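Subject: Structure for your review

Dear colleague,

Please find below the structure that I am handing over to you.

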Amino acid sequence: MADLIKLTAAEIAAKIAAGEVTAVEVTEAHLARIEAVDEKVHAFLHVDREGALAQARAVDAKRERGEKLGPLAGVPLALKDIFTTEGIPTTVGSKILEGWIPPYDATLTKRLKAADVVILGKTNMDEFAMGSSTENSAYGPTGNPWDLTRIPGGSGGGSSAALAAYEAPLAIGTDTGGSIRQPAAVTGTVGVKPTYGAVSRYGMVAFSSSLDQGGPCARTVLDAALLHEVIAGHDELDSTSIDAPVPPVVEAARNGDVKGMRIGVVKEFSGEHYQAGVMQRFNESVELLRELGAEIVEISCPSFDLGLSAYYLIAPSECSSNLARFDAMRYGLRVGDDGTRSAEDVTALTREAGFGPEVKRRVMLGTYALSSGYYDAYYGSAQKVRTLITRDFEKAFEQVDVLVSPTTPTTAFPIGERADDPMAMYLADLCTIPTNLAGNAAMSLPCGLAPEDGLPVGLQIIAPAMADDRLYKVGAAVEAAFTARWGHPLLEEAPSL
Amino acid sequence: MPGITREEVAHLARLARLELKDEELDHFAGQLDDIIGAVARVSEVADQDVPPTSHPLPLTNVMRPDVVRPSLTPEQALSGAPAQEQQRFKVPQILGEE
């Protein structure tokens, strides 16, 4: 059954629908793979073996009864541990929620179950989704399947590593400053940050509410599109959910084409922080787009240079407010309640014991940026930068259909390398952040290996809000052309685990 | 902009309800100073006549009819509570201090 784990989600769904294989067989193959390799990779925090098999059995029974199956029925999925799952632990990679079992499902979890997707378990992540390396997980880092001593990206490193290690064909991530796209880039997989508001945030533990966005992770562009259609759409439980039809992303992924499209190369996404091999593969991708019939236009977005700075004021500000809910009163850890201490002291002791260094750093940074006397200079100015970045995008999209850039300035760095240097770590999200600030859509897909270290490089495609289908149209064309050139998917070049 | 002192970090920690250890105060003072120094560039646009964007979507209040709908049971709502008593969250003392 070893070959079952190499199939795409689309192939698995087709085989199950045709009765060539059962959902139980597919699920067992992936559970066996997790058992065999996850000790090394550490992509999962919790594997729900019994729950997954029960879901798979239900799919098989449905098929036997002749009932209509959804497009991803029986396909296994790795779910980032930021989404609540009824009866299954949800920790958000944190100590403060260790052992917490939510009494309800996130809307996204509900939609996956309703679509008969088999949820294998919960994946490792940077605590409260704060980080670019999955080193901030309270449960230890995840390894990059390309080189286990390197980071798999963050905060959704577990989800991307699970894909690259063939532990699951589909995964879910969340992207606040790049946490879907950056892990996709460094693991040689596909990740999409949909338009802000396209996928419900209900039941997704909030980090920075105006930036957070859940989205699909997969090994192919079509698989990501199939998952996108399952999870996207209006949700009345989320006041920021967009009440409009989901763009036809699957149709776009099936008809990849860039002929006649105008594609912008963002001038500001290059320079001293960019690894030579990353720029080389990116430039080849631009050349490929030209060969495929696109018109390439250089675009300047001058305010993007301030994106990283604005992000590291806005995200911590919102997080300092959102994480106030972790007060040791209604759920999670409680420390120091010996009958003599006040609720306030117990809260402070609990948060000290339950939060890791990156979370504390951001809570303090946000408290500072929002404090009286500094508010206008920091938070207020950052929100002005947000306006300028949105205007840059608007101007750009008057001239081009999509923008492209490298997804990350470098390939996967060694675990521990940037741990004590927050600003160096923050650079990992340099190219992904403007999209979160403006709320539009973006994708990362593999565009080759950097010659100097043999590690994957990601190509980022950026589209206007609610034009997510353009990502898939361009992404599918690039994927097909590269796969033909390489003779196989890039992931096949990864060392076997 | 002023540098962030150890005392300021201690004050922020109190505001943020974090009982930081002494060594953390020193560590964070240096790091926060570095980060604030790096991100202070946003103030370059402060004098420009630019309206701030607080959210990517034009938000309006979303209302629903005020009708009772199914929700969590008291048992479910209390299921993750560190302490509970008589179907309520039990919290440490909040009155009677100084």
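The notes below describe what was found in this structure, part by part.

Please bear in mind throughout that the model is a predicted one.

I begin with the domains of chain A. The domain assignment divides this chain into domain 1 (1–297 + 391–428 + 438–493) and domain 2 (304–384). Taken over C-alpha atoms, the centres of the two domains of chain A lie 28 Å apart. Where they touch, domain 1 of chain A contributes 26 residues to the contact and domain 2 of chain A contributes 25. Together the two domains of chain A bury about 2,400 Å² between them, and carbon and sulfur atoms account for 67% of that area. On the side of domain 1 of chain A, the residues that lose the most area to domain 2 are Ile96(A), Met130(A) and Tyr426(A), which together make up 31% of what that side buries. As for polar interactions, 10 residue pairs are in polar contact across this interface, with both residues at pLDDT 80 or more, while the count of salt bridges between the two domains of chain A is zero.

I turn next to the interface of chain A and chain B. The contact involves 66 residues of chain A and 55 residues of chain B. The buried area between these chains is about 5,100 Å², with 68% given by carbon and sulfur atoms. Which three residues supply more than any others of the area that chain A buries against chain B? They are Met364(A), Tyr368(A) and Lys384(A), with 13% of that area. Between chain A and chain B there are four salt bridges. The side chains of Glu352(A) and Lys21(B) form a salt bridge, at 3.1 Å from N to O.

Finally, I come to the largest pocket. Its volume is about 1,000 Å³. The largest pocket is lined by 34 residues, and those closest to its centre are Tyr104(A), Tyr202(A), Gly203(A), Leu237(A) and Leu72(B). By type, the lining of the largest pocket consists of 17 nonpolar, seven polar and 10 charged residues. Domain 1 and domain 2 of chain A each provide at least three residues of this lining.

Yours sincerely,
A colleague

Key:
Residues are numbered from 1 along each chain as its sequence is written. Chains are lettered from A and ligands numbered from 1 in the order in which they are written. This is a predicted model: local features need pLDDT of at least 70, side-chain atom pairs count only at pLDDT 80 or more; totals for chains, interfaces and linings use all residues. Side-chain values use heavy atoms; hydrogens and water are left out. On a 1 Å grid over the protein atoms alone, a cavity is a set of points where a 1.4 Å probe fits but cannot get out, and a pocket is an open set with protein on both sides within 12 Å along at least five of seven lines; lining residues have an atom within 4 Å of a point. Grid points are joined across faces, edges and corners, and a volume is the space filled by probe spheres set on the points. Ala, Val, Leu, Ile, Met, Phe, Trp, Tyr, Cys and Pro count as nonpolar, Asp, Glu, Lys and Arg as charged, and the others, Gly among them, as polar. Domain bounds come from an automatic or database domain assignment. Contact means heavy atoms within 4.5 Å. Buried area is the accessible area (1.4 Å probe) that two parts lose on being put together, summed over both. A polar contact is a pair of N or O atoms within 3.5 Å; within protein, one must be able to donate a hydrogen and the other to accept it, and residues adjacent in sequence count only if both atoms are side-chain atoms.
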